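Please find below my notes on this entry, written for a colleague who will have the coordinates open while reading. They are set out as numbered points so that each can be checked separately.

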Amino acid sequence: MRSEAAAQLGGLEMFASAGKGRGLRARQRFAVGELLLSCPAYVAVLTVSERGSHCDGCFARKEGLSKCGRCKQAFYCNVECQKEDWPMHKLECASMCTFGQNWHPSETVRLTARILAKQKTHPERTQSERLLAVKEFESHLDKLDNEKRELIQNDIAALHHFYSKHLDYPDNAALVVLFAQVNCNGFTIEDEELSHLGSAIFPDVALMNHSCCPNVIVTYKGTLAEVRAVREIEPGEEIFSSYIDLLYPTEDRNDRLRDSYFFSCDCRECTTKEKDKQKLEICKLNDPPSAETVKDMIRYARNVIEEFRRAKHYKYILCLTLTPLVELLEICELSLDKMGAVFEDSNVYMLHMMYQAMGVCLYVQDWEGALCYGQKIIRPYSKHYPSYSLNVASMWLKLGRLYMALKNRTAGVKALKRAIAIMEVAHGKDHPYISEIKKELEDH
């Protein structure tokens with residue numbers, strides 16, 4: 001058993017949270033925007049689509065990156081970044097050369113391979129595990145259904161297939177536990193517009209429990225996770241982050257939490273459901289839709305969202321051919337027309353489809369179409385999301401850049417400044433993303 005002192009870190013401590021298992025608690029007061037915790041990644045993998053624009057080692061976004069001389073698929077800032085990443089990259093380098101275009105392990109498989117390699121070379125606790133070790137992660141193994149177990153077995157098969165030369169494998173049962181731990185405790189690293197950059201393991205950050213009323217937010221500086229307060233925190237308060245997108249109503253949020261993390265949330269927002277009526281706003285008509293009609297439309301909306309989520313998982317949505325994108329935009333527009341007969345534009349299901357449509361417009365460089373959707377989204381986003389939401393900041397940022405591209409500098413400056421105001425709290429005033437946005441303002 002670790003001593004009490006060993007379970008403390010600066011102004012934080014690990015403790016037994018009633019009904020939640022382990023948790024993280026403040027030992028001092030933290031002001032809004034104050035940094036509580038920095039945690040380097042135990043392991044991280046850059047998503048394949050960002051290779052060439054970001055360093056595979058430190059995730060820095062730069063031009064003129066140097067490629068690996070062997071596989072020619074990994075890119076680095078300099079020799080130092082390449083050397084530092086080599087113990088991890090060597091797991092994939094020869095395999096990528098061998099398999100060529102047929103090399104396609106999932107990010108979960110890539111992350112798990114790196115954990116196995118790291119545990120062999122660094123059996124002692126690392127700087128990422130000052131409070132919680134990877135081996136101490138919860139797996140929820142007893143809660144896995146047959147479908148989830150089958151997916152894990154598929155990942156184990158892929159691990160053996162793509163990494164057979166460089167790894168010493170534990171037995172199958174131990175691999176099932178490890179994959180279950182990664183699924184529950186992995187983090188998605190995103191850029192300032194919430195575009196996916198990669199996946200990582202941050203053990204100390206994983207110690208935080210979930211709330212739909214979080215008091216901290218997790219952001220990333222390369223492969224470093226930073227946790228900052230988004231409201232004042234008093235000594236003795238538990239530290240809560242959010243594991244999920246908070247846009248959706250209570251039932252949807254808890255469905256997602258149960259499916260991915262095997263618990264239901266009992267925070268104030270989930271108990272009172274006070275935002276649900278606004279989030280599910282119905283059209284104000286002389287002859288309002290019946291309760292059954294509303295229920296059917298909610299069911300339809302949830303099914304459409306689930307179809308989109310699955311499509312994204314299997315990488316169908318952002319296929320690099322134009323036809324699927326055109327079809328996708330048509331699906332969005334048809335869904336918006338159908339739901340619009342019952343839902344107000346501020347309804348979260350309408351906002352979801354507008355966001356998808358905006359993404360397609362951005363991808364095909366239809367700036368005016370994207371701007372039109374973004375203008376409809378931003379105000380309801382500001383109402384539905386908590387203060388200092390990254391979703392709101394990223395939408396202001398997208399709008400600002402669209403205004404600038406369409407030569408509306410006044411609106412662009414206003415939108416970018418709104419993004420900066422949120423990001424200075426969430427990311428810290430010295431974050432490179434903020435410097436980049438300020439330079440955009442100067443250049444325009």
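The points that follow take up helix packing, aromatic pairs and a few individual residues.

1. The coordinates come from a predicted model, and every remark below should be read with that in mind.

2. Two packed helices are described by the angle between their axes and the distance between the axes. For helix H11, which covers residues 348-363, and helix H13, which covers residues 390-405, the angle is about 40° and the axes are 13 Å apart. The crossing of this pair is left-handed. On the H11 side the contact is made by Tyr 355, Met 358 and Leu 362, and on the H13 side by Met 395, Lys 398 and Leu 402.

3. H14 brings Arg 409, Val 413, Leu 416, Lys 417, Ile 420, Met 423 and Glu 424 to the contact, while H15 brings Tyr 433, Ile 434, Ile 437, Lys 438 and Leu 441. The contact of H14 with H15 has eight nonpolar residues and four charged ones, and no polar residue takes part.

4. How many aromatic pairs does the structure hold? The number is eight, and one of them joins Tyr 355 to Tyr 381 in a stacked arrangement, with 6.5 Å from centre to centre and 25° between the planes. This pair links distant parts of the chain, since Tyr 355 sits in helix H11 and Tyr 381 in helix H12 (residues 367-384), 26 residues apart. Tyr 355, which also belongs to the contact of H11 with H13, has a relative accessible area of 25% and is therefore partly exposed, whereas Tyr 381 counts as buried at 5% relative accessibility.

5. Tyr 381 has another aromatic partner, Tyr 385, and here the geometry is edge-to-face, with the centres 5.1 Å apart and 80° between the planes. Tyr 385 counts as buried, because its relative accessibility is 4%. Elsewhere, Phe 187, Phe 202 and Tyr 220 are linked into a cluster by ring pairs.

6. Which residues other than glycine have a positive phi? Lys 273 has a value of about 55°, and Lys 407 has one near 65°. Lys 273 lies in the loop between helix H7 (268-272) and helix H8 (276-279), and its relative accessible area of 47% makes it partly exposed. Lys 407 is found in the loop between H13 and H14, and Lys 407 counts as exposed at 76% relative accessibility.

7. When residues up to four places away in sequence are not counted, His 140 touches Cys 184, Tyr 261 and Phe 262.

8. Ala 74 belongs to the loop between strand E6 (66-67) and strand E7 (75-76), and at 0% relative accessibility Ala 74 counts as buried. Leaving aside neighbours within four places in sequence, the contacts of Ala 74 are Arg 51, Asp 56, Ser 66, Lys 67, Cys 68 and His 89. Between Ala 74 and Arg 125, which are 51 residues apart in sequence, the C-alpha to C-alpha distance is 28 Å.

9. Asn 209 is found in strand E10, residues 209-210, and counts as buried at 10% relative accessibility. Not counting residues up to four places away in sequence, Asn 209 touches Ser 17, Lys 20, Arg 22, Gly 23, Glu 238, Ile 239, Phe 240, Ser 241 and Tyr 243. The C-alpha atoms of Asn 209 and Ala 26 are separated by 13 Å, with the two residues 183 apart along the chain.

Definitions and conventions: Residues are numbered from 1 along each chain as its sequence is written. This is a predicted model: local features need pLDDT of at least 70, side-chain atom pairs count only at pLDDT 80 or more; totals for chains, interfaces and linings use all residues. Side-chain values use heavy atoms; hydrogens and water are left out. Axes are lines fitted to C-alpha atoms, for helices over the stretch in contact, and angles run from 0 to 180 degrees between N-to-C directions. Helices (H or I, at least four residues) and strands (E, at least two) are DSSP runs, numbered from the N terminus. A crossing is left-handed if the near helix is turned anticlockwise from the far one by less than a right angle, and right-handed if clockwise. Contact means heavy atoms within 4.5 Å. Ala, Val, Leu, Ile, Met, Phe, Trp, Tyr, Cys and Pro count as nonpolar, Asp, Glu, Lys and Arg as charged, and the others, Gly among them, as polar. Rings of Phe, Tyr and Trp (its six-membered ring) pair if their centres lie within 6.5 Å; planes under 30 degrees apart count as stacked, over 60 as edge-to-face and the rest as tilted. Buried means under 20% relative accessible area, exposed over 50%, partly exposed in between (1.4 Å probe, protein chains only).
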